[in-house]
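Here is a short tour of one protein chain. Keep the sequence and the 3D view side by side as you read.

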Amino acid sequence: MTTHKMVNGKKVKLTPEEQSSYNVKQALAEDAATSIAATDARRMRNKYLADCDWVVLRHAERGESIPIEWGEYREALRDVPYQDGFPLNIKWPAKPTKGVV
């Protein structure tokens, strides 16, 4: 936390008003960064879901159930925004390697 500023080459303590203003600006910057990270994470999650839509469509066309692995994968992707640490620390689910004919 910044508590000082430089004035004419000397370190000077911030006034309470300057400190408050600095704190608000820092909080806004952190909120903006988190918001951008959340948007990016949701965009990636949506891409991963779209990338496996064909599995759902193929099975629906055949009147078959979606393989359990793929259903769990898609559910885990939909749950990404509810993970602890979202959006800065995401544990992405592993894409299934089997279960599709």
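Does Leu14 count as buried or exposed? Leu14 counts as buried, because its relative accessibility is 13% and the cut-off for buried is under 20%. Bear in mind that this model is predicted.

**Around Leu14**

Leu14 sits in the loop between β2 and α1. Setting aside neighbours within four places in sequence, Leu14 is in contact with Thr2, Thr3, His4, Lys5 and Gln19. Asp53 comes 39 residues from Leu14 along the chain, and their C-alpha atoms are separated by 56 Å.

**The hairpin**

Strand β1 covers residues 4–7, and strand β2 covers residues 10–13. The two run antiparallel, joined by 4 bridges. Find Met6, and you will see Lys11 of β2 standing opposite. The hairpin has 2 residues between its strands. Asn8 lies in this loop between β1 and β2. Its phi is positive, about 50°, although Asn8 is not a glycine. Is Asn8 buried or exposed? Asn8 is exposed, because its relative accessible area is 77% and exposed means over 50%.

**The helix α1**

Helix α1 takes in residues 16–51.

**Aromatic rings**

A pair of aromatic rings is described by the distance of the centres and the angle of the planes. In this model the count comes to 3 aromatic pairs. Two of them are set out here.

| Pair | Centre to centre | Between the planes | Arrangement |
|---|---|---|---|
| Trp54 and Trp70 | 6.3 Å | 65° | edge-to-face |
| Trp70 and Tyr73 | 6.0 Å | 90° | edge-to-face |

Take the pair of Trp54 and Trp70. Trp54 lies in helix α2 and Trp70 in helix α3, so the pair ties together parts that are 16 residues apart in sequence. Trp54 counts as partly exposed, at 39% relative accessibility. Trp70 counts as buried, at 4%.

Next, take Trp70 and Tyr73. They are 3 residues apart in helix α3, so about one helical turn separates them. An α-helix has 3.6 residues a turn, so residues three or four places apart point the same way. Both Trp70 and Tyr73 are buried. Ring pairs link Trp54, Trp70 and Tyr73 into a cluster.

**Arg74 in α3**

Stay in helix α3, which covers residues 68–78 and holds Arg74. Is Arg74 buried or exposed? Arg74 is buried, because its relative accessible area is 14% and buried means under 20%. Which residues is Arg74 in contact with, leaving aside its neighbours within four places in sequence? They are Leu49, Cys52, Asp53 and Val56.

**After α3**

One last stop is Pro87, in the segment after α3. A cis peptide bond joins Phe86 and Pro87, with omega about 10°.

Note on methods
Residues are numbered from 1 along each chain as its sequence is written. This is a predicted model: local features need pLDDT of at least 70, side-chain atom pairs count only at pLDDT 80 or more; totals for chains, interfaces and linings use all residues. Side-chain values use heavy atoms; hydrogens and water are left out. Buried means under 20% relative accessible area, exposed over 50%, partly exposed in between (1.4 Å probe, protein chains only). Contact means heavy atoms within 4.5 Å. Two strands pair if DSSP finds at least two bridges between them. The expected span of a helix is 1.5 Å times one less than its number of residues. Rings of Phe, Tyr and Trp (its six-membered ring) pair if their centres lie within 6.5 Å; planes under 30 degrees apart count as stacked, over 60 as edge-to-face and the rest as tilted.
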